[in-house]
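Hello,

Here is the structure we talked about.

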Amino acid sequence: PIGKVNNVDVLQNAAFGERTLSILGCSNRSYQGIDIFLIDEQDGSLNDLSQQSLKVDPSKIDDVYGFCFGRLADERVFAILNGKNGFMQQYELSLKDSSIAWVLRREHQFPSQTEGMVVDERLGDLYVGQEDGGIWKLKLDPEDTTEAQKLAMSGEENPAIAYDVEGLSIYRNE
């Protein structure tokens, strides 16, 4: 009922000042934005914060597509989105009087269409799937100026990968 939701992510136990919350976010292609929901810790129901949704600038992101959350060791929380034109934006989220504040912290242009993204919170890395090109890695911290790097064997040089790259996830073999 909220529109054409494309990518969804959940962030549990996020510190927002003195409050710890679990949130769900999703890209919404119906109005070209991001929706955020608070997850009720008692019954798992969702509290729609649509009045605080982010609408993207269509001159930068042509069609909102990929989405994920990320959190640094210092507890800063980010919402990251990208578009079919390969343009990515990273917003820092904060909570003020039960309202979400969005602060743009970084923008990055990839060579072509991107979608799936995932954050490795242990290492502070953001991985972005370029649908016809492979997987890129960059630091989640927007103040880190290390260049994005395409992962070896994540592109067409690897015959075991069938394109296009869609969702990404972290698997630990520990």
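This is a predicted model. The largest nonpolar core has 23 residues, and those touching the most other members are Ile34, Phe69, Leu81, Leu93 and Trp102. Two or more residues of this core come from each of strand 1 (5-16), strand 2 (19-28), strand 3 (33-39), strand 6 (64-71), strand 7 (77-83), strand 8 (87-96) and strand 9 (99-109).

Take Leu93 as an example. Setting aside neighbours within four places in sequence, Leu93 contacts Phe16, Ile23, Phe69, Val77, Ala79, Ile100, Ala101 and Trp102. Another core, of 14 residues, lies apart from the largest one; Cys68, Met88, Phe110 and Val119 are among its members. In soluble globular proteins, nonpolar side chains tend to be buried together.

On the chain as a whole: the protein chain has 13 strands and zero helices. Of its 174 residues, 48% are buried. Counting contacts between residues at least 6 apart in sequence, 43% link residues at least 24 apart.

As for overall dimensions, the C-alpha atoms fill a box of roughly 50 × 40 × 30 Å along the principal axes. The radius of gyration is 16 Å, which agrees with the value near 16 Å for a compact globule of 174 residues.

The surface comes last. The protein chain exposes about 9,200 Å², with 47% of that supplied by carbon and sulfur atoms.

Regards

Terms used. Residues numbered from 1 in each chain as written. Predicted model: local features only at pLDDT ≥ 70, side-chain atom pairs only at ≥ 80, totals over all residues. Heavy atoms only, no water. Core = buried A, V, L, I, M, F, W, Y, C linked by side-chain atoms within 4.5 Å. Buried < 20%, exposed > 50% of the residue type's maximum accessible area, 1.4 Å probe, protein only. Helix = DSSP H or I, 4+ residues; strand = E, 2+ residues; numbered from the N terminus. Contact = heavy atoms within 4.5 Å. Rg over C-alpha atoms; globule rule 2.2 N^0.38 Å. Areas by Shrake-Rupley, 256 points an atom, 1.4 Å probe, with all protein chains shown as cover.
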